[in-house]
Amino acid sequence: MKNYLSLAALCVIVMSCTPFKPAISNTDINTLTEYKVKGRQGILINQKLSFGEYKTSKVKRSWTKGGNTRVPVSVSPVVDFLYPEVLTVENSNRYQTFGFQMQDGLQNYTDVYAATDFASERLLVGNNPNSIVNIIKDITGKGIDQSYMFYAQVFVNQDNKPWELVLDNSASQRNAKEYVGYFGYDQTRYYTLKPITELQTSKGPKPIWMGAVGFEVSNPANQTVAAVSLMDNGLVYLAVTNPEERFLLANLCATLLLQQDIAE
């Protein structure tokens, strides 16, 4: 993943020596506010990420026993999605992992757990219609077949069912103009992630030569509600929406920014 981003960044540098930003395509309905990101670069020990009013706890990387506080670590990893423990001690020993917490000023809080190089067959357990596997199948008519994907769970407040992120980093760079990732809770509450393949210039959007420089996040009505730039320190864009949705999207953006530091 870092190799793809490096090539995309090189293309950008050749194009212009001035600061560059992603070109976000679908902003006719929602006005996006831009936030600079702090904490993404540099030493990762005791790392905290922040943008706007949002800040993570210390990011816990490569967590093992006791890392996922939402589920017991002694149970079998093969369970139904009604009791989600896909990211348990067994998985954290096999995959690069990280986790963090986030709070807002309205007493909302989250626990986030993520893993790279995650095989899709790990998700093909149980028959819960609201699992990410079935959500994607209902939306696209296709299943998931990804051997080295990025997978994350975002638990909001006391809900024991997480929002789930499924993203193939390699495919999103190789087939940037066609690829779509998903972040969903059920068949009506989900977001699509589309790679950003253009930069904003004084003369308008300009395509990069290859790959993507970030992701544009849209709701089921195809309205852009968030975006994230993965170049340099990163940028986050959030739409004017209700505080709970903005908080959820802030968690998604933070997860996308943090996973770049542990990807291949």
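Reply: Strand β12 (residues 198-201) is joined to β13 by four bridges, and the two run antiparallel. Strands here are DSSP runs of E with at least two residues, helices are runs of H or I with at least four, and both are numbered from the N terminus. Within this pairing, leucine 199 has lysine 206 of β13 as its bridge partner.

This is a predicted model: local features need pLDDT of at least 70, side-chain atom pairs count only at pLDDT 80 or more, and totals for chains, interfaces and linings use all residues. Residues are numbered from 1 along each chain as its sequence is written, and side-chain values use heavy atoms, without hydrogens and water.

The open sheet has three strands, in the order β1-β12-β13, with antiparallel pairing. Two strands pair if DSSP finds at least two bridges between them. The edges are β1 (21-22) and β13 (204-207). Each has a single partner strand, so one side of each is left without a neighbour in the sheet.

Now the salt bridge (a side-chain nitrogen of Lys or Arg within 4 Å of a carboxyl oxygen of Asp or Glu). Lysine 21 meets glutamate 34 in one, at 3.1 Å, N to O. Lysine 21 lies in β1 and glutamate 34 in β2 (residues 32-36), so the pair ties together parts that are 13 residues apart in sequence. Lysine 21 is partly exposed, at 40% relative accessibility. Glutamate 34 is also partly exposed, at 33%. That term covers values between buried (under 20% relative accessible area) and exposed (over 50%), with a 1.4 Å probe and protein chains only.
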